[in-house]
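Please keep the sequence and the 3D view open while reading.

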Amino acid sequence: MGLDILYPTAGDPPTTPTVDLILIHGLHGDAIKSWTNPETKAFWPRDFLPLDIPQARVFTFGYDADAVFGSTTANIVDHAKDLLSSLVDEREEEPEITRPIIFIAHSLGGIIAKQAPVATVSCHNLPFSVPFPKNLDFVGRDVVLKDLQRILFHTPGLQHAAVFGLGGVGKTQVALRIAYWVKDNRPDHSVFWVSALSHAAFEQSYCGIMNEAGLQRDDAEDPKQTVRRHLNSDKAGPWFLIIDNVDDQDIAYTINNYLPHGESGRILFTTRAKTVAISLAGSNYINLLEMSSTESKSFFKSAIHQKELLENESGVDDLLQHLTHLPLAIRQASAYINENEIGIADYLQLFNNDPRNRAELIGSNFLDKTRKREDNALSITWHLSFDQISKTDATAIRLLEFIACIEPKAIPRSILAVKGSTDPQILRALGTLCGYSFLSKRDGDVYDMHSLVYTAVELWVGERSDRETQEMLRG
Ligand SMILES: Nc1ncnc2c1ncn2[C@@H]1O[C@H](COP(=O)(O)OP(=O)(O)O)[C@@H](O)[C@H]1O
Ligand SMILES: [Mg+2]
């Protein structure tokens, strides 16, 4: 059943296909019998066709023809959709995506082949409600994108996945990329984007879905329940929901109450906290790490306006390493370099000379069209997380304050003691800080703090003690 490749398979010599041939059997047939000589048992599409047309990939598409016969046209449309989505899976990237297809179809098979393009056309008016345009400067992340597509779209039934990682590492961009991939490759899916930056943003996003899906407002019902009910119903058809920035545990609890569980839904969460990722997506989570050096270089090259600066290749490598290949840090540094028209060596000198300079650089705000925040500075991005952690884990905050006073690398666990905290509390605090990617654990009980996070922590601790002093003076 479904789409099966007959040629080329693992044992065949390598070829460069120029066309895809799809054989669809008709009534009372099946994917093998219909194309097999009953006497010689020769299977024409596999035994002869590749000899005549070696540059063709050959597939059969199988379905239960007898069950279709006499049933409703909806059944034929379902098979056409099945054919369509299997073809999309097989032809995801260049050069397959533009390769011609020839259908060889018998009786009812012809109707299914004819129905497949109709199935795409009928999907064109479905909601695609995403607040950002496609990022034309998007680079890399191939493995993560493939993994997410596999988790979310290659298994039937409701699927949840989560991407977690340091603030600014590129989670929202990955989610956005997947949203546009769904638009192009799963045209029968409605796509909705929900912001979980705050309770109000979450509420507003659900109201947006009500409008997009054309749902009637019922004063007696919470709009979030109306949306949930709709997405649980067959009327909604297949849908893909992105719930972005679930960084706060309290908001995660609220979201959990309004998650739809319809069988034809797929949900992708982004969060900074590993614990939130696990609570929302079970084992289907991906830790998004900093970019590779190739990815970060290509991102930096497109972000810098004065292209002649890029001739200083070793300077660029050095800078990207200092920025830990973190996309938001690269975006911030390139905005600073562009605005102040300074060279890469000048920026590096500022960055390295004095910790106060570095703090100022990572605290510098800039306009980022790809983020819906007023303040995009790295330090502010992480300070929000420190504030969130301070609501639930006082020991973790004490640890941050302690680490701000020592060297951030190779910290033995044995020196991480906090007055008044028990060992389990320390262990939990270390888990929290690792879960936010602020700390990483080496083999043995030794920890490293991310070097840019360290600067942000120093800044935060300084600002906090200033605030406390002021409050004490005010009495
Ligand atoms: N793969 C990428 N290609 C190009 N730019 C990226 C990529 N990933 C992130 N960025 C840029 O880096 C910044 C931070 O990314 P974002 O997705 O908002 O991070 P997060 O959601 O993890 O906080 C944004 O300016 C974004 O445009
Ligand atoms: Mg984000």
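The covering of the buried residues of helix H16 includes H14, helix H15 (344–353), helix H17 (378–392) and helix H20 (451–474). Helices here are DSSP runs of H or I with at least four residues, strands are runs of E with at least two, and both are numbered from the N terminus. The buried residues in H16, which spans residues 355–362, are Arg358, Leu361 and Ile362. They cover an arc of only 90° around the axis, which puts them on the same side of H16; the arc is that of the directions from the helix axis to the C-beta atoms. A residue is called buried if 20 or more other C-beta atoms lie within 10 Å of its own, exposed if 12 or fewer, and partly exposed in between, with C-beta atoms placed from the backbone. Two residues are in contact if their C-beta atoms, placed in that way from the backbone, lie within 7 Å.

This is a predicted model, in which local features need pLDDT of at least 70 and side-chain atom pairs count only at pLDDT 80 or more, while totals for chains, interfaces and linings use all residues. Residues are numbered from 1 along each chain as its sequence is written, and chains are lettered from A and ligands numbered from 1 in the order in which they are written.

**The chain as a whole**

The chain contains 20 helices and 13 strands, and its C-alpha atoms fill a box of roughly 95 × 65 × 45 Å along the principal axes. Of its 475 residues, 35% are buried. Among contacts with a separation of 6 or more, 75% are between residues 24 or more positions apart.

The domain assignment, whose bounds come from an automatic or database source, gives domain 1 (2–121), domain 2 (128–287), domain 3 (293–362) and domain 4 (378–474). The C-alpha centres of domain 2 and domain 3 lie 33 Å apart, and the contact between these two takes 7 residues from domain 2 and 8 residues from domain 3. On the side of domain 2 that touches domain 3 there are 3 nonpolar, 3 polar and 1 charged residues. In this classification Ala, Val, Leu, Ile, Met, Phe, Trp, Tyr, Cys and Pro count as nonpolar, Asp, Glu, Lys and Arg as charged, and the others, Gly among them, as polar.

**Around the ligand**

Of the 21 residues around ligand 1, those that come nearest are Gly170, Lys171, Thr172, Pro327 and Thr370, where a residue is near a molecule if its C-beta atom, placed from the backbone, lies within 6 Å of it. Helix H7 (171–185) and helix H14 (327–340) are the elements that give two or more residues to this shell. The shell has 6 nonpolar, 9 polar and 6 charged residues, and it draws at least three residues from each of domain 2 and domain 3.

Helix H8 (residues 199–212) has 14 residues and reaches 20 Å from its first C-alpha to its last, close to the 20 Å expected at 1.5 Å a residue; the expected span is 1.5 Å times one less than the number of residues. Which residues of H8 are buried? They are Phe202, Ser205 and Ile209, and, seen down the axis of H8, they fall within an arc of 60°, so they line one face of the helix. An α-helix has 3.6 residues a turn, so residues three or four places apart point the same way. The face of H8 turned away from the buried side carries the exposed residues Ala200 and Asn211.

Ile112, found in helix H5 (residues 108–121), counts as buried because it has 27 C-beta neighbours inside 10 Å. Leaving aside neighbours within four places in sequence, Ile112 is in contact with Ile24, Ile76, His79, Ala80 and Leu83.

**Backbone exceptions**

Most residues other than glycine have a negative phi, and most peptide bonds are trans.

A cis peptide bond joins Tyr7 and Pro8, with omega about -5°, and Pro8 lies in the loop between strand S1 (2–7) and strand S2 (19–24).
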